[in-house]
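Here is a short briefing on one protein model.

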Amino acid sequence: RQLVSSVAKSIVRMAVGKNKRISKGKKGGKKKIVDPFSKKDWYDVKAPSMFAVRNVGKTLVTRTQGTKIASEGLKGRVFEVSLADLQKNEEDAYRKMRLRVEDVQGRNCLTNFWVSLSYMLMTRHISPVAKLSTSCLPSTFVC
């Protein structure tokens, strides 16, 4: 009996203080849920100076963190803008301009023309024009 009681006491002594994970829970635990928009900043997009309206809109970018720089994430972005919004002229509503971010100064993204200074026509303007051309008879000119 003395042998059994001494072995039981040694087992009890070993068990005390050894199971540290019982109070802490599982290894790793739960990750905190963070709103992704809390790590982002708003930047103003500015059109070239030849337009009546310089402010095109705003864009989001992840803040500078470590080696990832926010301004590098903005450079090269392309925005499609209606020419009517840039010129305050509703007659040009069917024309779209593509503007590409070239430089970032503070909270402003400075843009320049993209696709070699050409503009695109909106599809709702092209489709009636295409329908008109399909109803025309083909003709050839001989000089």
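Strand 4 and strand 5 (residues 108–113) run antiparallel and are joined by six bridges. Two strands count as paired if DSSP finds at least two bridges between them. This is a predicted model: local features need pLDDT of at least 70, side-chain atom pairs count only at pLDDT 80 or more, and totals for chains, interfaces and linings use all residues. Residues are numbered from 1 along each chain as its sequence is written, and side-chain values use heavy atoms, with hydrogens and water left out.

**Strand pairing**

**Overall fold**
- The protein has five helices and six strands. Helices (H or I, at least four residues) and strands (E, at least two) are DSSP runs, numbered from the N terminus.
- Along the sequence, the pattern reads α-α-β-β-α-β-α-β-β-β-α.
- The protein has 143 residues, and 18% of them count as buried. Buried means under 20% relative accessible area, exposed means over 50%, and partly exposed lies in between (1.4 Å probe, protein chains only).
- Take the contacts with a separation of 6 or more: residues 24 or more positions apart account for 41% of them. A contact means heavy atoms within 4.5 Å.

**Thr59**
- Thr59 lies in strand 2 (residues 55–62).
- Thr59 counts as buried because its relative accessibility is 9%.
- Its side chain makes a polar contact with the side chain of Arg77 (2.8 Å). A polar contact is a pair of N or O atoms within 3.5 Å; within protein, one must be able to donate a hydrogen and the other to accept it, and residues adjacent in sequence count only if both atoms are side-chain atoms.
- Leaving out residues up to four places away in sequence, Thr59 touches several others, including Trp42, Phe79 and Cys109.

**Ser38**
- Ser38 is in the loop between helix 2 (21–24) and strand 1 (40–46).
- Ser38 counts as partly exposed because its relative accessibility is 38%.
- The Ser38 side chain reaches the backbone oxygen of Asp35 at 2.6 Å.
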